[in-house]
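Subject: Structure handover

Hello,

Here is the structure for you to look over. My notes on what was found follow below it.

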Amino acid sequence: QLCSSHESHMFPFQEWRVECAPDAAEGDAAEEQREGQPEPTAAWLEGLARDEGEEALERLLPHELLGVGEFSPVEAAKAAFRRLGRHFHPDKSASPHSALLFDQLRAALDQFKSGSWRTAQDDDDRRRFFTDAAVVELNRTSHAAAAASEGPLWLVQYFAPWCHQCIANKAYYVLAARRLSQILGDRVRVGALRCGVPRKPGGWCETELGVPEHPTFRALAKGFALELGP
């Protein structure tokens, strides 16, 4: 059962699926029926581990690793772990990254259940997508402050760490940030706000900020926002 599906033309790197919690009537039968079917989340995690290594996995939040929504019920996270755990179990998987991914998924489930990751420091380097100091990775509080600031103009990218276009353009955004700093100094700041996994009604970026897709770019100053397009 799928709660939502991102448009494949927007995310050619993968077709991201967000799982619902299984209906009580379905139980294990639903999981057995899915057994052997292609698993897009597993394929994406495998590619990420192969191409970018453990550091890239460390930057993902628990719900992003599991492929569920940030506020999904715990049962949905458990179901995702069971499915992905079977795929990456070190005793069953031939993948050279199986042990790493299995440990990451198990830790993600524990953090999702406890909610401990929500109280972690917002500026934890391991969780940053943009590690270069030229791009300020904003949280909700600092984003609100930037939008209302009487100071510099802010150029902000609204991104998701699994978005293909965000990944492909990350280096160019950093270069643009450095160049703007050289030319305009403190008159312009370049930032990025991480949006959640499910692109559906109810997501914070969608409902509170009206972000239509990832990546979206805006210029912010003195309570006003100018849409620069995806």
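A search of the whole structure turns up one disulfide, meaning a pair of cysteine sulfur atoms within 2.5 Å. C195 and C205 form the disulfide, with S to S at 2.1 Å. The link of C195 and C205 is left-handed, with -90° about the S-S bond. The pair links distant parts of the chain, 10 residues apart. C195 sits in the loop between β5 (188-194) and α9 (204-209), and C205 sits in helix α9. Both C195 and C205 are buried. Buried means under 20% relative accessible area, exposed means over 50%, and partly exposed lies in between, with a 1.4 Å probe and protein chains only.

Before the rest, the ground rules. This is a predicted model, in which local features need pLDDT of at least 70, side-chain atom pairs count only at pLDDT 80 or more, and totals for chains, interfaces and linings use all residues. Residues are numbered from 1 along each chain as its sequence is written, and side-chain values use heavy atoms, leaving out hydrogens and water.

Overall picture

The protein has nine helices and seven strands. These are DSSP runs, numbered from the N terminus: helices are H or I with at least four residues, strands are E with at least two. Of the 230 residues in the protein, 44% are buried. Among contacts (heavy atoms within 4.5 Å) with a separation of 6 or more, 68% are between residues 24 or more positions apart. Another cysteine, C166, counts as buried because its relative accessibility is 1%.

F88 and its helices

F88 lies in helix α5, residues 74-88. F88 counts as buried because its relative accessible area is 0%. F88 touches A42, L45, E46, S93, S98, L101, F102 and L105, leaving out residues up to four places away in sequence. F102 is 14 residues from F88 along the chain, and their C-alpha atoms are separated by 5.6 Å.

How does α2 lie against α5? The axes of α2 (residues 40-52) and α5 come within 10 Å and cross at roughly 50°. Axes are lines fitted to C-alpha atoms, for helices over the stretch in contact, and angles run from 0 to 180 degrees between N-to-C directions. The two helices are therefore oblique to each other. The cut-offs: under 35 degrees is roughly parallel, over 145 roughly antiparallel, 65 to 115 roughly perpendicular, and the rest oblique. T41, A42, L45 and E46 in α2 meet L84, H87 and F88 in α5. By class, that contact has four nonpolar, two polar and one charged residues. Here Ala, Val, Leu, Ile, Met, Phe, Trp, Tyr, Cys and Pro are nonpolar, Asp, Glu, Lys and Arg are charged, and the others, Gly among them, are polar.

Next, α5 and α6 (residues 98-114). Their axes come within 10 Å and cross at roughly 170°, so α5 and α6 are roughly antiparallel to each other. V74, A77, K78, F81, L84, G85 and F88 in α5 meet S98, L101, F102, L105, R106, L109, F112 and K113 in α6. The contact of α5 with α6 has 10 nonpolar, two polar and three charged residues.

L220

L220 lies in strand β6, residues 216-221. L220 is buried because its relative accessible area is 3%. Not counting residues up to four places away in sequence, L220 touches H143, A147, P152, L153, W154, V156, Y158 and A225. A148 is 72 residues from L220 in sequence and 8.1 Å away in space, C-alpha to C-alpha.

Best regards
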